[in-house]
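The following exercises are to be worked with the sequence and the coordinates at hand. Each task is followed by a solution in steps.

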Amino acid sequence: MVAKALALLSLLYLSVSATAPLRNSSAPGSCTGNVLIILSSADSITLQNGKVEDVGYYIDEFAIPSSYLLAAGFNLHFANPKGNTPAMDQSSNTSWYFAGNERLYQNALNLVNTMMTENNMASPTPFSEVFDVENYDAVFVPGGHPPMIDLWDDADLGNLLWHFHNSSKPTAMICHGPMAATSTAFASSTSEFAYYGYNMTVFSTWAEQQVEQGWGGLLPYYPEDKLRQFGADLSEIEENGITTPHVIQHAELITGQNPFSAPWLGAKFVAFLEDYCNASPAYFKAINNNL
């Protein structure tokens with residue numbers, strides 16, 4: 001049932017994302033129609049035993065929510081710490097993450113290619129050079145293990161995320177992407193964690209232990225533990241936590257636990273973003289009910 005739902009949801013958006021018209025300079029309400037996509041500059045992770053594993057963003061975690069945004073008419077702009085081309089995790093480069101649907105998988109690859117050649121995904125703006133953060137309506141952080149490496153304590157990223165938090169702008173993070181949230185505690189103006197007490201989710205410790213068995217070594221830390229240390233209120237599906245979708249919204253923050261949460265997170269993110277752009281009662285209800 002989960003696989004079928006994923007395929008149906010993804011098909012609707014991935015099939016149109018490459019040709020969806022982009023908004024002009026403004027969206028409904030006060031929106032600009034621009035969304036900032038946060039990526040990592042890291043392409044490997046060192047385990048506690050010294051073994052090094054290649055890592056990168058997961059194609060479905062990036063492509064499915066991004067295709068929802070494009071289909072809704074939003075423009076995507078990319079940023080990462082160093083401005084280098086982000087690496088894809090090759091273990092995600094398979095139709096398995098698209099319920100075995102080759103068409104969806106190829107659409108995702110095409111989307112990545114389009115963003116690389118026609119957008120700035122191949123040369124993201126370094127965080128320290130994002131001077132127009134107020135011109136973005138929302139921010140999205142895909143997963144893969146790299147956010148554990150160079151996003152969690154990046155002060156420049158922390159400064160950016162504080163803008164979205166203080167403005168209650170829609171913010172979405174999936175799988176390991178929520179590790180970017182802790183960067184707010186390293187921002188130049190404060191040592192506070194912006195999302196203290198927020199109910200959120202992240203790739204679970206149970207799931208990480210399955211990954212560790214395949215890699216033959218322990219990770220530097222577990223995302224669940226790190227987020228709890230900073231004051232997040234974690235909600236996890238432990239057993240079957242890799243393939244069971246789990247998405248949570250708390251105020252402006254929407255988080256998804258694992259790769260298979262991508263369609264659900266994408267749908268919720270875009271719906272909330274449209275509510276924000278239209279200043280609808282649903283937007284204010286979501287913000288106020290969680291504060």
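**Exercise 1.** How many residues lie between strand 10 and strand 11 in the hairpin that they form, and which residue in the turn has a positive phi?

*Solution.* The model is a predicted one.
Step 1. The hairpin of strand 10 and strand 11 has 2 residues between its strands. In the turn, Ala251 has a positive phi of about 50°.
Step 2. The sense of pairing is antiparallel, with 4 bridges between strand 10 and strand 11 (residues 253-256). Within this pairing, His250 is opposite Leu253 of strand 11.
Step 3. In a regular strand, side chains alternate between the two faces of the sheet.

**Exercise 2.** Determine the strand order of the open sheet of 7 strands and identify its edges.

*Solution.* 
Step 1. The order is 5-4-1-6-7-11-10, and the pairing is mixed.
Step 2. Strand 5 (125-126) and strand 10 each have a single partner strand, so they stand at the edges and one side of each lacks a neighbour in the sheet.
Step 3. Strand 1 pairs with strand 4 (residues 75-80) in the parallel sense over 5 bridges. Val35 has Leu76 as its bridge partner in strand 4.
Step 4. Strand 1 and strand 6 also run parallel, joined by 3 bridges. Here Val35 stands opposite Ala138 of strand 6.
Step 5. Another 3 bridges join strand 6 to strand 7 (residues 171-174), again in parallel. Ala172 in strand 7 is the bridge partner of Phe140.
Step 6. Strand 6 (residues 138-141) directs Ala138 and Phe140 one way and Val139 and Val141 the other way; all are buried.

**Exercise 3.** Locate the disulfide and state which parts of the chain are tied together by it.

*Solution.* 
Step 1. With a cut-off of 2.5 Å between cysteine sulfur atoms, the count is 1 disulfide. The bond joins Cys31 to Cys277, with an S to S distance of 2.1 Å.
Step 2. Cys31 belongs to the loop between helix 1 (2-17) and strand 1 (34-38), and Cys277 to helix 8 (residues 262-277), so the pair ties together parts that are 246 residues apart in sequence.
Step 3. The torsion about the S-S bond of Cys31 and Cys277 is about -95°, so the disulfide is left-handed. Cys31 and Cys277 are both buried.

**Exercise 4.** Characterise the largest pocket by volume and lining.

*Solution.* 
Step 1. The largest pocket holds about 260 Å³ of space. Its lining comprises 17 residues, of which Tyr58, Ser91, Tyr97, Phe203 and Val211 are the closest to the centre.
Step 2. Strand 3 (52-54) and helix 6 (205-215) each contribute at least two residues to this lining.
Step 3. Sorted by class, the lining has 9 nonpolar, 4 polar and 4 charged residues.

Technical notes:
Residues are numbered from 1 along each chain as its sequence is written. This is a predicted model: local features need pLDDT of at least 70, side-chain atom pairs count only at pLDDT 80 or more; totals for chains, interfaces and linings use all residues. Side-chain values use heavy atoms; hydrogens and water are left out. Buried means under 20% relative accessible area, exposed over 50%, partly exposed in between (1.4 Å probe, protein chains only). On a 1 Å grid over the protein atoms alone, a cavity is a set of points where a 1.4 Å probe fits but cannot get out, and a pocket is an open set with protein on both sides within 12 Å along at least five of seven lines; lining residues have an atom within 4 Å of a point. Grid points are joined across faces, edges and corners, and a volume is the space filled by probe spheres set on the points. Ala, Val, Leu, Ile, Met, Phe, Trp, Tyr, Cys and Pro count as nonpolar, Asp, Glu, Lys and Arg as charged, and the others, Gly among them, as polar. Two strands pair if DSSP finds at least two bridges between them.
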